[in-house]
Amino acid sequence: MTTDDPRIAPPHVGGERDTLRAFLDYHRATLAMKCRGLGDEQLRERSMPPSTLSLLGLVRHMAEVERAWFRRVFEDGEAPMVWSDEIDFQAAYDASRSTRAEAFAAWEAEVEHSRRIEREAASLDLTGRQPRWGEDVSLRMVMVHVLLEYGRHNGHADFLREGVDGTVGA
């Protein structure tokens, strides 16, 4: 980790909940770091045709992921998605008319909402209803799933950032 790396490293030893929470926050901070210092146009730069994948699209998508897996599972299965009237996670990737301010405001609000749900839960065994599956899922499963989503998409963010300005690493 370099001195300009704002992320807090997850603990090497810790309980399950603290470890999951720390890794989620580390990956959330990684996505923000990959976007740091870029303007709207740079954040909207696409990977390659026909893909609409961009850093800004990833931020928008992760706002939808946070909402779908925390808010919709544990509070309101009917809560609308942020960027689509249907449950269409692909819609978030089209950031062609989006701005950093809009995307980050939505993502940061969903992250805070997710953190609140997790903090208030008595246990990782808390269950909620995954509306798309019509099945109950545990907070543990949700945290692991969202962590995997960040891991996968932060890999995309690495390549996207390198394509925008050559920045690589962490």
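Leaving aside neighbours within four places in sequence, His27 is in contact with Leu147, Tyr150, Gly151 and Asn154. The model is predicted. His27 is found in helix α1, which covers residues 16-35. His27 has a relative accessible area of 18%. The cut-off for a buried residue is under 20%, so His27 counts as buried. With Asn154 there is also a polar contact, side chain to side chain, at 3.0 Å.

Helix α1 has 20 residues. From first C-alpha to last, α1 reaches 29 Å, close to the 28 Å expected at 1.5 Å a residue. His27 is one of several buried residues in α1. Among the others are Arg17, Leu20, Ala22, Leu24 and Arg28. Thr30, Leu31, Met33, Lys34 and Cys35 are buried as well. The buried residues of α1 pack against α2, α3, α4 and α5. Just after α1, Gly37 takes a positive phi of about 85 degrees.

Two packed helices are described by the angle between their axes and the distance between the axes. For α1 and α4 the angle is about 175 degrees, and the axes are 12 Å apart. An angle over 145 degrees counts as roughly antiparallel, and α1 and α4 are therefore roughly antiparallel to each other. On the α1 side, the contact is made by Arg17, Arg21, Asp25, Arg28, Leu31, Ala32 and Cys35. On the α4 side, Arg100, Phe104, Trp107, Val111, Ser114, Arg115, Glu118 and Arg119 take part.

The largest nonpolar core has 43 residues. Leu31, Leu55, Phe70, Trp107, Val142, Val146 and Tyr150 have the most contacts inside this core. Helices α1, α3 (55-74), α4 (100-120) and α5 (139-165) each supply at least two of its residues. The most come from α3, which gives 12 residues.

Glu66 lies in helix α3. Its relative accessibility is 0%, so Glu66 counts as buried. With neighbours within four places again left aside, Glu66 is in contact with Arg28, Arg71, Glu110, Val111, Ser114, Val146 and Tyr150.

Helix α5 has 27 residues. Its span from first C-alpha to last is 38 Å, close to the 39 Å expected at 1.5 Å a residue. Just after α5, Gly166 takes a positive phi of about 85 degrees.

Ala9 is found in the segment before α1. At 44% relative accessibility, Ala9 is partly exposed. Ala9 and Asp25 are 16 residues apart in sequence, and their C-alpha atoms are 9.1 Å apart in space. Pro50 has its place in the loop between α2 (40-44) and α3. Most peptide bonds are trans. The bond from Pro49 to Pro50 is cis, with omega near 5 degrees.

Note on methods:
Residues numbered from 1 in each chain as written. Predicted model: local features only at pLDDT ≥ 70, side-chain atom pairs only at ≥ 80, totals over all residues. Heavy atoms only, no water. Helix = DSSP H or I, 4+ residues; strand = E, 2+ residues; numbered from the N terminus. Buried < 20%, exposed > 50% of the residue type's maximum accessible area, 1.4 Å probe, protein only. Polar contact = N/O pair within 3.5 Å; in protein donor to acceptor, adjacent residues only side chain to side chain. Contact = heavy atoms within 4.5 Å. Core = buried A, V, L, I, M, F, W, Y, C linked by side-chain atoms within 4.5 Å. Expected span 1.5 Å × (residues − 1). Axes fitted to C-alpha atoms, helices over the stretch in contact; angles between N-to-C directions. Parallel < 35°, antiparallel > 145°, perpendicular 65-115°, else oblique.
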